[in-house]
Amino acid sequence: MKTSDGFVKTTIAGIPYLLPYGQKIADHARSLRLNDSGALLWDTLSLGADKSTLLSVLANYYNTDADMLPQLTSDLDSYLASLKQLGMLSYNAPAENFPPHSDQTDNTFPALFSDDRAPKYYKIGVLCFSWFGPDDLFDTYFKDFEAAVADQRIFIITGKPSHLADGTLLLHTTELTIFDVTDTYRFVFGTHWGIHEMRVKKDGSAAVLYCVDADNKDHAENIFHALRFAFLIAAQKQALFVLHSVSIFYQGKAWLFSGSSGTGKSTHANLWANRYHTPVLNGDLNVLGIKNGLPYLYGLPWCGTSETYTTTTYPLGGIVFLKQAPFNRVNSLPPDEQALFLMQRMISPTWTKDLLLKNLAFAETLAPLTKIFRLNCTKNPEAAAVMKAAIDQSI
């Protein structure tokens, strides 16, 4: 028995939590709020303690006598059962093997030194990118963000890449596998993507995407969505984080509606649009950053299926976390839940413990700088009226 890899114990607003990262997030593992004894037991488990040691630690913590041991044993069994049910306890198992990638010569980013095409440039938030790839792809997805200079160079190349060792497996799904290879993230996509693989420098300075076919029309949208990972890496390095949410413009600021899939983010934004004529800024994703102590929303081309996005920067008014209910009511959230909900709705990389904690640190910094609400709501127009009244009262 041991603690599972893929969970980190940290504190949010002084409260201990177990948070999943990497593959555990891909597998939809839950977070767990701990009390003081639960945190102590987790630390002891992490050192490889057996059940008798855990019981001894628990008895010392509560300074109990022998008469209390049956109750402590029952409590410990319940705690361990909860950890096991949540996948937080594991037993040694053989690691999954992946086939060798190639036997070609090792050269991680050959395009950085050999591509003599004149680049185009685009800008998202405070980040600028140079594009070495087909003009039609650039004009379809990035032209509205056209700019000059570059923080990240993007190369679109036809053909198989040179050999790169698999490295450490970070995440694996049917659609995508991510490896950590020294200073590079290697992305291997499902065959239907039309992409051999993508490589992104960990510092976000360059990305090379290897396409199956020179005619990218059939896979243009897949290439566009693959490049989002390269952006997320560069953005996180520059303290820009992406929240899964729908944004609207109201009272001179951007307001975000967030929640798990199917909660009704778009529906609620449409209630506002129909009743109060508030324009939608982005129908799926929003980039958030802090400048001079104030939070901002930056325009982003990725917008899900909504086809609605903005190229403009807006001050952030607040964030509303939606929850379906048979009534409409606005609740406040304690500081730890504000930061936790923010972090859980981010799509910025969480492939390692350090990346997850970077997201959490931003969430804890952002939460006190903006207004955060929890809206239990129906899909009726009254929901927008209740939320608007709460926002108006807070301004």
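Arg186 and Glu197 are both buried, where buried means under 20% relative accessible area, exposed means over 50%, and partly exposed lies in between (1.4 Å probe, protein chains only). These two residues form a salt bridge in which the closest N and O atoms are 3.0 Å apart; the term denotes a side-chain nitrogen of Lys or Arg within 4 Å of a carboxyl oxygen of Asp or Glu. Arg186 belongs to strand S11 and Glu197 to strand S12, so the pair ties together parts that are 11 residues apart in sequence. Helices (H or I, at least four residues) and strands (E, at least two) are DSSP runs, numbered from the N terminus.

The model is predicted: local features need pLDDT of at least 70 and side-chain atom pairs count only at pLDDT 80 or more, whereas totals for chains, interfaces and linings use all residues. Residues are numbered from 1 along each chain as its sequence is written, and side-chain values use heavy atoms, with hydrogens and water left out.

**Salt bridges**

The whole structure contains 11 salt bridges.

| Pair | Distance (N to O) | Sequence separation |
|---|---|---|
| Asp180 and Lys202 | 2.6 Å | 22 residues |
| Asp183 and Lys201 | 3.6 Å | 18 residues |
| Arg186 and Glu197 | 3.0 Å | 11 residues |

Asp180 lies in strand S10, while Lys202 is placed in the loop between S12 and S13. Lys201, at 18%, is buried. Elsewhere, a network of salt bridges links Lys120, Asp135 and Asp139.

Eight strands make up an open sheet of mixed pairing, in the order S6-S7-S8-S13-S12-S11-S10-S9; two strands pair if DSSP finds at least two bridges between them. Strand S6 (120-124) and strand S9 (168-172) stand at the edges with a single partner strand each, so one side of each has no neighbour in the sheet. On average, neighbouring strands are turned by 20 degrees against each other, direction ignored. Axes here are lines fitted to C-alpha atoms, for helices over the stretch in contact, and angles run from 0 to 180 degrees between N-to-C directions.

Strand S12 (residues 195-201) and strand S13 (residues 206-211) run antiparallel and are joined by five bridges. Within this pairing, Val200 has Ala207 of S13 as its bridge partner. H7 packs on the sheet and touches S6, strand S7 (127-132), strand S8 (152-158), strand S10 (176-181), strand S11 (184-189), S12 and S13. The direction of H7 makes about 15 degrees with that of S12.

**Nonpolar cores**

The largest nonpolar core has 47 residues, and Phe187, Leu227, Phe231 and Trp351 have the most contacts inside it. Such a core is a set of buried Ala, Val, Leu, Ile, Met, Phe, Trp, Tyr and Cys residues joined through side-chain atoms within 4.5 Å. Helix H7 (residues 220-237) gives the most to this core, contributing 12 residues. A second, separate core of 31 residues includes Val8, Phe241, Leu297 and Met343.

Contact means heavy atoms within 4.5 Å. Apart from its neighbours within four places in sequence, Phe187 is in contact with residues including Leu176, Glu197, Val200, Phe229, Ile233 and Trp351.

Helix H9 (residues 335-344) has seven of its 10 residues buried, so it is largely enclosed by the rest of the structure. Among the buried residues of H9 are Asp336, Gln338, Phe341 and Met343.

**Cysteines and backbone**

The structure holds zero disulfides, a disulfide being a pair of cysteine sulfur atoms within 2.5 Å. Cys128 is buried at 7% relative accessible area, and Cys303 is buried at 8%.

Ala13 has a positive phi of about 55 degrees although it is not a glycine. Ala13 sits in the loop between strand S2 (7-12) and strand S3 (15-20) and is partly exposed, at 45% relative accessibility. His277, also not a glycine, has a positive phi near 60 degrees. The loop between helix H8 (265-276) and strand S16 (280-282) holds His277, which is exposed with a relative accessible area of 67%.
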